[in-house]
Amino acid sequence: MEFSKDKKTIFSGVQPSGNLTIGNYLGAIKNWQDLQETHNCLYCVVDMHAITVRQDPAELRRRTLGTLAIYIASGIDPEKSIMFVQSHVPAHAELAWVLNCYTMFGELSRMTQFKDKSAKNAQNINAGLFTYPTLMAADILLYGTDLVPVGVDQKQHVELARDIAERFNQIYGDTFVVPEPYIPQTGRKIFSLADPGKKMSKSDENINSFIALLDSRDTIIRKFKRAVTDSDTCVRYAEGKDGINNLMTIYSCFTGKTMDEIEREFDGKGYAEFKLAVGEACADGLEPLQKRYNCLVSDRSYLEGILSNNADHAAYLARKMLSKVYRKVGFLAKNK
Ligand code: AQP
């Protein structure tokens, strides 16, 4: 596929650090499909980010290919978008090193994700976890990205990428495009079903806290039935009703209904009926994706072929930017 100079560029990715959830889907992946009609799109499986937390190597490999299958099953077209694995394109790590030298310790210390993940992994607060946002900045800046479709939890990292780009451009002249986050109105942050004060996360130890994209219909309905709500009985979007607000958001994402419409639909009905409706809407919404995934995942050579071709294409684009950066910072070019 040819990238057009007239179109804006999109970059986004997901870590294969667990079974992808409806949080990853509604906050990010679901919005990628439409963008590929109007933009040059790169969608990456960011495996290098995943090892900031310990991973089982065989599982990581399996999930990396599975994540690609989920991208395609969600409607990302290999003929229109470049889908690739981060570790297949060495320029990501190379640019990340350079950007580390233009990122301040204080900036990285303020990142909410670093604080959250350090608290969760107190025995493994490694340097990679700390510098995760500079690798993410490299992912984005390598491709002249204009827009980064992400959930709201990643907004702070995209803002840091902007700051790094601006700082670099100020020193060396126009080099990087300064990217913007692209965050959906509904679904920007899906919360845990077990603790609606917390973001839904694929690496949560409590499997009842998230809906995995590949959960069976029965599991989805059972998990929604157990979802934490409140002692009220009224389906209403209001302050202090975090659990219900979250379920209404999920229902809205899968049905397209507004909060007012949902309130009217469940007027006079109890939480049990509402939770069942959310579970059914979610299971119905995921069914086509699950069917496509099941066909794709058994065709390993098809998936590997896509990754191999696309890694070459991404590497070509990335190498051009990396060479420019190396020249600007004063690295001596190797004689050809
Ligand atoms: N709960 C969420 N609501 C909305 N968007 C979300 N995203 C993640 N969780 C939610 C968005 O999904 C994209 C990919 O995320 P990621 O895999 O790169 O890392 P993450 O944000 O740390 O996601 P998880 O599921 O919480 O992973 P773990 O448990 O491994 O840390 C991003 O666009 C993110 O905003």
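This is a predicted model: local features need pLDDT of at least 70, side-chain atom pairs count only at pLDDT 80 or more; totals for chains, interfaces and linings use all residues.

A polar contact is a pair of N or O atoms within 3.5 Å. An oxygen atom of the ligand lies 2.6 Å from an N or O atom in the side chain of Ser-17. Gln-15 takes part in another way: a polar atom of its backbone is found 3.0 Å from an oxygen atom of the ligand. The protein covers 98% of the 640 Å² of accessible area that the ligand has on its own.

The surroundings of the ligand can next be described as a whole. There are 23 residues around the ligand, and Ser-17, Lys-117, Asp-153, Lys-202 and Ser-203 come nearest. Which elements each supply at least two residues of this shell? They are the strand β1 (9-14) and the helices α1 (22-35) and α6 (112-120). The largest share, four residues, comes from α1. Sorted by class, the shell around the ligand contains 12 polar, six charged and five nonpolar residues.

Two or more residues of the lining are given by β2 (40-45) and by α13 (300-329). Of these elements, α13 provides the largest share of the lining, six residues. What is the make-up of the lining by class? It has nine nonpolar residues, together with six polar and six charged ones.

A search of the whole structure finds 15 aromatic pairs. One of the pairs joins Phe-84 and Tyr-143: the centres of their rings are 6.0 Å apart and their planes stand at 65 degrees, so the pair is edge-to-face. Planes over 60 degrees apart count as edge-to-face. Phe-84 belongs to strand β3 (residues 81-85), whereas Tyr-143 is in the loop between α7 (127-141) and β4 (147-149), so the pair ties together parts that are 59 residues apart in sequence.

Methods: Residues are numbered from 1 along each chain as its sequence is written. Side-chain values use heavy atoms; hydrogens and water are left out. Ala, Val, Leu, Ile, Met, Phe, Trp, Tyr, Cys and Pro count as nonpolar, Asp, Glu, Lys and Arg as charged, and the others, Gly among them, as polar. A residue is near a molecule or strand if one of its heavy atoms lies within 4 Å of it. A polar contact is a pair of N or O atoms within 3.5 Å; within protein, one must be able to donate a hydrogen and the other to accept it, and residues adjacent in sequence count only if both atoms are side-chain atoms. Accessible areas come from the Shrake-Rupley method with a 1.4 Å probe; for residues, only the protein chains shown count as cover. Rings of Phe, Tyr and Trp (its six-membered ring) pair if their centres lie within 6.5 Å; planes under 30 degrees apart count as stacked, over 60 as edge-to-face and the rest as tilted.
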